[in-house]
Amino acid sequence: MTSRIAHAELLGVTASSLTVSFQVQDASGEPVPENARVLIDGEVRADVDSETPTRLVRIEHLDAATPYRIEIETAEGRPGAHDDFFPETAATLPAPGAREVASIATLNDVHFGEQKIGGVLTADKEYGDAAPGFPVIRAGDTETPYPRFMNADAVSQINDLAVDAAVIKGDIADRGLPEQFEEARKCFAGFTAPHHALLGNHDYLGQRDGKPEDGYALLGQDPAPRRVEIGGWHLLLVETALPGEHYGVMDAERLAWLDDALSTSDAENAPSLVVMHHQPVPPAHRDGYPNSIGLLPEDSVRLFEITRRHPSLRAVLIGHTHRNRVRRYAEAGDAPFAETSNSKDYPGSFTHYRLFEDGSFHQEVRRIATPRALAHSTRCRDLFQGLYRNFTLGSLADRCFAVGPMP
């Protein structure tokens, strides 16, 4: 049988591991359950025999800050091609320089109740009708709707990591409806660690229909803004939603709260992470999607004025855009602004953070690994004329990186 390695991706790296995903396909392009091997520096580190079309393989026990040559080959020794998604070499993250004091996981854009993804985007950037190159994937295509099983499997995998807390960064209920919040609440009840949620723009869309709901109360959560203390770190949850709109705001009250909370972190020498839904948009980049539905540029400027003043701020963690992207802004100080991909479609992910005593941390985007999650997320990969993969996956450096200690 003639087979080949297809859709190979180096999804993530840590200080001691790397994770790849791929398929083995026959000559017609159909996945086949043929063995495949993952080689690191020429040594076979995994021999994979799986009925699951998309395979996810994690290679452990690597050295920190070390470049490795990566190959995936079929049972007959035919290697997969290298490209931007599957580089020939990659380096592990540096070893932490201090004791790990906590770990957290984040989810965003879980969209309970969503009925479909794909199609041609409408004028207000909603999923529209199917067209050539623009297929539609519906929640009813599977026995269990995809938002339900993707997020349930994410919760289970996060539990396996024994994190100290989970944080959900908004867009929890797709249309802001009470039954969608209730479904989310039941799912999040499965976390073994405490979980903390803030709302996003979709959580208020019910107000367009004259059905305002208190999403925080329906989720059993205290409203944002609020501070969560964990392992000597401060997690600062700040809401950016403006009910009824897709773009975000940071009004004077929210900015004042954040400035005060960061001042407290500075005084206590406590490293802090700001968690919010919308991405900031500098005025020069206000046009084009998804900047047009980001944080208002004038509010972004005021946010930057605050973040640059506080040495305790280590990063701003963001959802909303459904993509992995890290940006640093000179006017905002040294902290990275990290957007991460969502759990409900491609790549079907959550993000794991290891927090260290000296204020350093590591980020790793992790794909949800159950067979049904991999099948669904792979199906979503080539939406929007095949452009979705590049948009949402981002670069390896956008998904996995280390931030050094506090000055």
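With 0% relative accessibility, His278 falls in the buried class, because buried means under 20%. Keep in mind that this is a predicted model.

**Around His278**
- You'll find His278 in the loop between strand S15 (272-275) and helix H5 (297-307).
- Its side chain makes a polar contact with the side chain of Thr240, at 2.7 Å.
- The side chain of His278 also reaches the backbone nitrogen of Gly248, at 3.4 Å.
- Leaving out residues up to four places away in sequence, His278 touches a list of residues including Asn201, His246, Tyr247, Ile318 and His320.

**Around Phe361**
- Phe361 sits in strand S20, which covers residues 361-367.
- Glu100 is 261 residues away from Phe361 along the chain, yet their C-alpha atoms are separated by 8.8 Å.
- Setting aside neighbours within four places in sequence, Phe361 is in contact with several residues, among them Trp233, Leu273, Tyr353, Phe356 and Phe401.

- Strand S2 (residues 18-26) is joined to S5 by 5 bridges, and Leu18 stands opposite Ile59 in S5.

**Salt bridges**
- Glu126 pairs with Arg175, and their closest N and O atoms are 3.4 Å apart.
- That pair links distant parts of the chain, 49 residues apart: Glu126 is in the loop between S9 and S10, while Arg175 is in the loop between S11 and helix H2.
- Glu126 is buried at 18%, whereas Arg175 is partly exposed at 29%.
- Glu183 forms a salt bridge with Arg148, with the closest N and O atoms 2.6 Å apart.
- Since Glu183 is in helix H2 and Arg148 in helix H1 (residues 146-160), this pair ties together parts 35 residues apart in sequence.
- Arg381 and Asp382 form a salt bridge as well, at 3.5 Å between the closest N and O atoms; Arg381 is buried at 7%, but Asp382 is partly exposed at 39%.

How values were computed: Residues are numbered from 1 along each chain as its sequence is written. This is a predicted model: local features need pLDDT of at least 70, side-chain atom pairs count only at pLDDT 80 or more; totals for chains, interfaces and linings use all residues. Side-chain values use heavy atoms; hydrogens and water are left out. Two strands pair if DSSP finds at least two bridges between them. Helices (H or I, at least four residues) and strands (E, at least two) are DSSP runs, numbered from the N terminus. Contact means heavy atoms within 4.5 Å. Buried means under 20% relative accessible area, exposed over 50%, partly exposed in between (1.4 Å probe, protein chains only). A polar contact is a pair of N or O atoms within 3.5 Å; within protein, one must be able to donate a hydrogen and the other to accept it, and residues adjacent in sequence count only if both atoms are side-chain atoms. A salt bridge is a side-chain nitrogen of Lys or Arg within 4 Å of a carboxyl oxygen of Asp or Glu.
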